[in-house]
Structures are given as C-alpha cells and as structure tokens.
Amino acid sequence: MRYIRLVSPATTGDDWSTRHSVQAIARRTAALVNALDDESASPEAIAEMLRAHGERGRLELTARDLAEMRAAATALREVFAATDVDGAASTLNTLLGRGSGPLRLTSHGGTTPWHPHLDSADEAPWGEWFLASSCLALTVLVWDRQRPPGGVCASSSCRDVHLTQGSGPQRRYCSRRCATRERVAAHRARAAEHDPRVLGR
C-alpha cells in the first residue's frame with residue numbers, strides 16, 4: 001500500500017480496489033504471519049510475497065525490517081489464536097493501542113486512490129506499516145462478521161493461520177491437505193484399536 005502507482009484499470013485490467021480490499025489485506029496478513037514464522041525466511045522472500053499481494057515499486061527490506069515485521073507477525077498471530085470474538089477484539093484493541101497512529105486517509109501524493117492508514121506516516125517502517133494495516137483489516141472483519149477473523153490450523157503438525165471464509169462453520173484447518181492428513185490419521189488410529197497391525201501399514 002505504500003508504493004503503489006495509480007494506473008487505470010481500463011488499460012491494465014488491474015483493479016486497485018480489489019488488490020487492496022479489506023479481504024485482500026487480511027489474506028496478505030495471514031500469508032505473512034505464516035511466512036515470517038519461518039526463521040529462515042529472507043528479506044527477498046518476504047519482498048516477493050509482498051509483490052504477490054499487490055505491492056509495487058522498490059521493496060528493499062533490510063534485516064531490521066524483517067525483524068520488526070516478524071515481531072508484528074508474532075503479535076498478529078494472537079488475533080488468529082483467539083477462540084472467540086471477545087478474545088479477538090481484546091487482542092486487536094491492545095495492538096491498536098500499542099502500535100498504531102490516528103486513522104488517516106492518504107493518496108500517497110496522488111499516486112494511489114484514497115485509502116485509510118493507521119501507521120504514523122506514508123513512509124513508516126515496514127514493521128509498523130504491516131502491524132497497522134493488518135490490524136485495520138482484521139478489525140473491519142471482526143466488526144463486519146462478529147466472529148474471530150480466522151484461526152490457527154488444528155493439525156498438530158502445522159502452525160499456519162488462516163482466515164474464516166464466508167458465514168459457514170468456522171474452519172479448523174488451514175488447507176484441505178491438513179484436513180485430509182488429520183482425517184487419515186484419525187481413521188488409522190480408530191482402525192488400530194481393532195487391529196494393531198494397521199499402524200504398521
């Protein structure tokens with residue numbers, strides 16, 4: 001959101017508002033929380049992920065930027081870990097009180113459509129920007145849906161966070177792969193109760 005140039009969607013087929021909708025920013029938040037959980041993630045890998053989620057222009061992240069973004073990701077993980085809407089709201093209130101500036105509108109000097117920011121300035125450090133923009137998107141999702149914005153994968157072998165999709169039942173797993181793996185493991189465990197040889201297959 002910091003370096004995006006305003007380009008006519010008619011000429012590029014690229015819809016700025018879609019790339020930077022609340023849902024898109026929330027998806028970016030979940031993806032970055034997961035990516036930054038990997039201590040080996042490089043500044044270049046995170047910059048590439050930012051580009052994949054709509055950022056443009058120069059994305060030269062330093063080791064310090066990465067450390068600050070990782071600290072923000074750790075804090076944001078607590079929002080996803082909340083088991084109910086009160087917990088998610090309370091965590092967001094804490095983060096908003098600790099790490100955001102006043103709500104403001106910016107067009108980045110006329111280079112983008114007007115949009116809200118909660119960081120201190122258009123050129124705020126990456127970690128501050130990531131925390132503030134993520135809190136803003138997750139806050140709107142809590143407000144709109146009156147439920148936690150997502151969760152942490154229920155698979156014992158996965159730490160990934162995910163967003164709640166639509167108005168149906170709360171998702172338990174981050175992906176079909178994790179859901180399938182857990183279903184197969186549960187089936188094998190039940191089968192092993194009747195035939196211990198199943199575990200060896």
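Here is a short walk through this structure, from its overall layout to its core.

Keep in mind as you look that this is a predicted model. The protein contains eight helices and four strands. If you follow the chain from the N terminus, the elements come in the order α-α-α-α-α-α-β-β-α-β-β-α. Of the 201 residues in the protein, 43% are buried. Now think about contacts between residues with a separation of 6 or more: 54% of these join residues 24 or more positions apart.

Let us turn to how some of the helices pack. Find helix H3 (residues 22-36) and helix H7 (residues 126-145), whose axes come within 9 Å and cross at roughly 125°. Why is H3 called oblique to H7? An angle over 145 degrees would count as roughly antiparallel and one of 65 to 115 as roughly perpendicular, so the crossing of these two falls among the rest, the oblique ones. The crossing of H3 past H7 is left-handed. On the H3 side, the residues that make the contact include Ile25, Thr29, Leu32 and Leu36, and on the H7 side they include Trp129, Phe130, Ala137 and Leu138. Sorted by class, the residues of this contact are 12 nonpolar, four polar and two charged.

A second pair to look at is helix H5 (residues 63-81) with helix H6 (residues 85-99). Their axes come within 8 Å and cross at roughly 155°. An angle over 145 degrees counts as roughly antiparallel, and H5 and H6 are therefore described that way. This crossing, too, is left-handed. Ala75, Leu76, Glu78 and Val79 of H5 meet Ala88, Thr91, Leu92, Leu95 and Arg98 of H6. By class, that contact holds six nonpolar, one polar and two charged residues.

In soluble globular proteins, nonpolar side chains tend to be buried together. Here, the largest nonpolar core has 36 residues, and those with the most contacts inside it are Leu36, Ile46, Leu50, Met69, Leu76, Phe130 and Leu138. Two or more residues each come from H3, helix H4 (43-52), H5, H6, H7 and strand S4 (161-163). Which element gives the most to this core? That is H7, with nine residues.

For a close-up, pick Leu138 of H7. Setting aside neighbours within four places in sequence, Leu138 is in contact with Ala26, Thr29, Leu76, Val79, Phe80, Leu92, Pro149 and Leu163.

Technical notes: Residues are numbered from 1 along each chain as its sequence is written. This is a predicted model: local features need pLDDT of at least 70, side-chain atom pairs count only at pLDDT 80 or more; totals for chains, interfaces and linings use all residues. Side-chain values use heavy atoms; hydrogens and water are left out. Axes are lines fitted to C-alpha atoms, for helices over the stretch in contact, and angles run from 0 to 180 degrees between N-to-C directions. Angles under 35 degrees count as roughly parallel, over 145 as roughly antiparallel, 65 to 115 as roughly perpendicular and the rest as oblique. A crossing is left-handed if the near helix is turned anticlockwise from the far one by less than a right angle, and right-handed if clockwise. Contact means heavy atoms within 4.5 Å. Ala, Val, Leu, Ile, Met, Phe, Trp, Tyr, Cys and Pro count as nonpolar, Asp, Glu, Lys and Arg as charged, and the others, Gly among them, as polar. A nonpolar core is a set of buried Ala, Val, Leu, Ile, Met, Phe, Trp, Tyr and Cys residues joined through side-chain atoms within 4.5 Å. Buried means under 20% relative accessible area, exposed over 50%, partly exposed in between (1.4 Å probe, protein chains only).
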